[in-house]
Amino acid sequence: MSAPYSTPPVQEEKQAPEIEGLTVDTGLEPAGPTSSSSRFQVDLVAEAASAADKTPSTDSTLASGDKATPEGPEPAAGGEAKGRFRVVNFMDPSGASPPEVVPAEGFQNGDTVMSEGSLHSSTGGQHHYHYDTHTNTYYLRTFGHNTIDAVPNIDFYRQSAAPLGDKLIRPTLSELHDELDKEPFEDGFANGDELSPAEEAAAKEAAEPKGAVKFGWIKGVLVRCMLNIWGVMLFIRMSWIVGQAGIVLSCVIVLMATVVTTITGLSTSAIATNGFVRGGGAYYLISRSLGPEFGGSIGLIFAFANAVAVAMYVVGFAETVVELLGSVDCIMTDEINDIRIIGTITIILLLGISMAGMEWEAKAQIFLLVVLITAIFNYFIGSFIPLKSKESQGFFGYDSAIMMENMGPDFRGTESFFSVFAIFFPAATGILAGANISGDLSDPQLAIPRGTLLAILITGIVYLGVAISTGSCIVRDATGNGNDTLSAQFMANCTDAACKFGYDFSYCKGDDGQYNCRYGLQNDFQVMSIVSGFSPIITAGIFSATLSSALASLVSAPKVFQALCKDNIYPGLEMFAKGYGKNNEPLRGYILTFCIALAFILIAQLNVIAPIISNFFLASYALINFSVFHASLANSPGWRPSFKFYNMWVSLAGAVLCCVVMFVINWWAALMTNVIVMGLYIYVSYKKPDVNWGSSTQALTYHQALTHSLHLSSVEDHIKNFRPQCLVMTGYPNSRPALLHLVHAFTKNVGLMICGHVRTGSRRPNFKDLSNDQTRYQRWLLKNETKAFYTPVFADDMRQGTQYLLQAAGLGRLRPNTLVIGYKSDWRDGDMMNVETYIHMIHDAFDFQYGSVVFRLKEGLDVSHISEQDDLLSSQEKTSGMKDVVVSIDMKDSDGDSSKPLSKATSVQNSPAMQKDDDDECKAATKPLLKKDKSPQRLNVADQRLLDASQLFKRKQGKGTVDVWWLFDDGGLTLLIPYLLTNKKKWKDCKIRVFIGGKINRIDHDRRAVTAFEEMIEPYRLKEDDMEQDTAEAQKASEPWRITDNELELYRAKTNRQIRLNELLKEHSSTANLIVMSMPLARKGAVSSALYMSWLETLSKDLPPLLLVRGNHQSVLTFYS
């Protein structure tokens, strides 16, 4: 019933009273709770079926919950103001004009328009519309003001390929938070590429298969599980188990098996209710919980086990048919071949039923269940109807004497409690029959827990009932001869329970322990047929049990295998991922399963393979239980199953029980199963499939890393455990390969390595790009098997950014203690203030108690200007499907070289990378590198040498030396780094030579070298003696890097030492693979940057690869054990 308005909707906006800081608009009241019952005002807006329902408004009051029906002219396409209420491009999917009637069923949340039913679209069939964010609802109000911010909606949380509903996109943080550089919407769209709601809904509707068959919890799970658990064992082995183990131990066996399956059922329910479950059953549950390694290994053997189980059940059916044929002398050829013929015909018929579709298969299962339940009732009814003709076969009806006699065990031959348990337990498997078709369930989260647990309860009760019933009305041994009655004179000497009924079956029990009785619990597998009211129904029950189990396995195996192939865990199996028809039936998987099953049917002897299959099922159960324990142990916020009746320790006990049962059933089969699982696990781990399912393994890794990091922080460092943890100023990791490879060589599996990158620029920093780069280059490091972290920062200049990294990089004890930078080889070519910054980076490292390492390679380090690896990386990200990428290195580009900003931005070619974030960089970052119309061009000689040198430390180093010039005691870092380096495989053939300083009475040096040094520093001298003091001081203040005459004279001896050391290095280490040398120190504030840089230049020029090392003068070596 609509309550009309008393005023037209187009009116002046009234003054809104403020309630608890929220402005409430009284110009247009909402339907639903009034301000007295809700603090928030939400305008309810929905689409009308047509524009014909226009109704004038007359009343002035709205009751809570009434519908609002505004009156007024039809709004224009661009939107017409109604007070503060404005609609822009409000579209009706039916093609009608914009609505005027506002029913209360739908609502407007400010950004997304849909019916209330869409909130539950995963379970219901309500019709709903899907609107992209911003498109039509920008000016509509939520909480009393215009907003594009979306209220919570379940459809925002779906995956893009969600099977149970459509995904909607919420506004991004940038769309809500960033400054508006231009109009947010053009032509009414958030961006020009988005479809209209009607087009989007039509596209999704066309993409979804029509008429897919989905099952509820009874038909989909309960029926399948009961049929699989009630196997042939119920009719032809349960009575024999009671005869061997007795009633008490038989009940113990049933309860033990039920405990294992119940715990597994609880664990399955917990995983299934932790989120939407897709097709794949046990594989899906395990892989999404423990990751692709365990999931991939168990999925393959579980699918194979189901395929072979088809053969087992079909052979069981064929054997029963052959026995019936033999009883009437209708054997076709011989027993084995008859089993093969009947088995082949049977599996072809079952394949036809399966391929006809899940609906036909479900109908067949219902029919088989009816037959099976009829057979069970037939047995129980018959047990209450004792007949004289059945007494000679051991059936006397319920009697306390028989029950007491059968209460205890009577193991015969080689049988024992565990051997009997091993025979029974396969009957308890099959609890995953419903979960295996999880993709065909309408609501797996509800169906799997309810159907599985109820099936376990019902089947467990029936098994216990049969055990107690058979033990209470049938004796263990009987001859079947009606003449074996007792006379009155021998009655007193007879002690068996049968004697009470006048029968003596003792003569078939030999004194030597041999039993020749043909009937009774111990001897006749068909005893339930004898007891039943109508024996052919029991035979029909046996047929039903075998065929239903075979049919369930025939459906389960392809479904699990299809899910496995879709995830592309094993390359080459993608062809089996394709589905057909409205239910996405895996027809190729059906054919494969048929072939595997047929191969085992033709063997016709499955006594050896049966325990392996049981172990495969048990391995799956063990991993499902372990998954729940593992997920609970990881304590991930993503682990929140709605099924609460589970416990992590009970699940762990269930996993252990499954493993124990595996070895109890068959120890060699259990070993074989474990070997196969571990082999597949190792294979998948080695292949590293590119999937991320948010597994509990990932969550536990984080939890352990956090725990261990905190534990490390509580323990003081010890010299013996010192390891170099390096902050390497690489810039982009792929721009200085030689520096990256060398540091990685002595930190891999030993210490921490962080690739620092300072990005500077005059324009506003783009932190989103920074975050994307961090993810991209971290992936690049992992792909190139470099154990390092990439950490970029924005800063005003290089020194400030380095200070940020020196202070904040790392976590707890996992923090850098050594700064590694590349040598600034072009320091004389650019602005000398960059040299000032560079030298102050080294001073800052010492101030923060870091060790410092400077690496010089005479060819240079920075290859970004020629290899364009950053653009290549971007191209690979955009074309992730490409396997082989051909790189064309262009030295000329009419549009501007994409690496140009890099070489320009880096203040020096080989100094720590510093990225200029100007507009050209944005263009360069998105410019494609792969240009098919240009052929690769030859590099010039210098660039070719640079590229060759960049790969120097990636190759194995031949026989050579690592020369250590340990001139000053810095705590031992100068000696520790080459030791760690030569421990690696690529450097193991190199010998370490250590040079130390001795007493030098005089320093002999070439006068030409001194002249060269003086010529080098000449442009950087202040020459204060040739100018006024004030002028000199002003120039020194503006150019602090200049060398004063006083400073040059004061440190002349140290200068000469660098010249002489360079001569000695050329004399003794010119052929070394690597030189590691103590780095000279310069007192901060006393030695100018130009002079210090000149020392480093003089010391390191024209030499093999050189590491200048200076520790923080804290001991890192000890000779104590």
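Me: Starting with the loops, which one holds aspartate 334?
Reply: This is a predicted model, so keep that in mind as we go. Aspartate 334 is found in the loop between two helices, α7 (292-327) and α8 (335-355).

Me: Is aspartate 334 buried, partly exposed or exposed?
Reply: Its relative accessibility comes out at 34%. Buried means under 20% and exposed means over 50%. Aspartate 334 falls in between, so it counts as partly exposed.

Me: Which residues gather with Asp334 in a patch of negative charge on the surface?
Reply: A residue needs over 30% relative accessible area to join a patch, and aspartate 334 has 34%. The residues that gather with Asp334 in this negative patch are Glu319, Glu323 and Glu335.

Me: What about positive charge: which residues form the positive surface patch with Lys954?
Reply: Lysine 954 sits in the loop between α29 (941-950) and β17 (960-965). With a relative accessible area of 43%, lysine 954 is partly exposed. The residues forming the positive patch with Lys954 are Lys748, Lys787 and Lys986.

Me: How far apart are the C-alpha atoms of lysine 984 and lysine 748?
Reply: Lysine 984 belongs to the loop between α30 (973-982) and β18 (990-995). Leaving out residues up to four places away in sequence, lysine 984 touches Ala745, Phe746, Lys748 and Val750. Lysine 984 and lysine 748 are 236 residues apart along the chain, yet their C-alpha atoms are separated by 9.0 Å.

Me: What is the phi of asparagine 749, roughly?
Reply: Asparagine 749 lies in the loop between α21 (737-747) and β12 (753-760). With a relative accessible area of 56%, asparagine 749 is exposed. Although asparagine 749 is not a glycine, its phi is positive, at about 60 degrees.

Me: And histidine 1113, what value is its phi near?
Reply: Look in the segment after β20 (1106-1110) for histidine 1113. Histidine 1113 is partly exposed, with a relative accessible area of 42%. Histidine 1113 is a residue other than glycine, and its phi is positive, near 65 degrees.

Me: Zooming out, what share of contacts with a separation of 6 or more comes from residues 24 or more positions apart?
Reply: The protein chain has 35 helices and 20 strands. Among its 1121 residues, buried ones make up 50%. For contacts with a separation of 6 or more, the share from residues 24 or more positions apart is 80%.

Me: How much of the accessible surface belongs to carbon and sulfur atoms?
Reply: The accessible surface of the protein chain comes to about 52300 Å². The part belonging to carbon and sulfur atoms is 57%.

Technical notes. Residues numbered from 1 in each chain as written. Predicted model: local features only at pLDDT ≥ 70, side-chain atom pairs only at ≥ 80, totals over all residues. Heavy atoms only, no water. Patch = residues over 30% accessible without salt bridge, like charges linked within 9 Å, V, L, I, M, F, W, Y side chains within 5 Å. Areas by Shrake-Rupley, 256 points an atom, 1.4 Å probe, with all protein chains shown as cover. Salt bridge = Lys/Arg side-chain N within 4 Å of Asp/Glu carboxyl O. Lys, Arg positive; Asp, Glu negative; His and termini not counted. Charge placed at Lys NZ, Arg CZ, Asp CG, Glu CD. Helix = DSSP H or I, 4+ residues; strand = E, 2+ residues; numbered from the N terminus. Buried < 20%, exposed > 50% of the residue type's maximum accessible area, 1.4 Å probe, protein only. Contact = heavy atoms within 4.5 Å.
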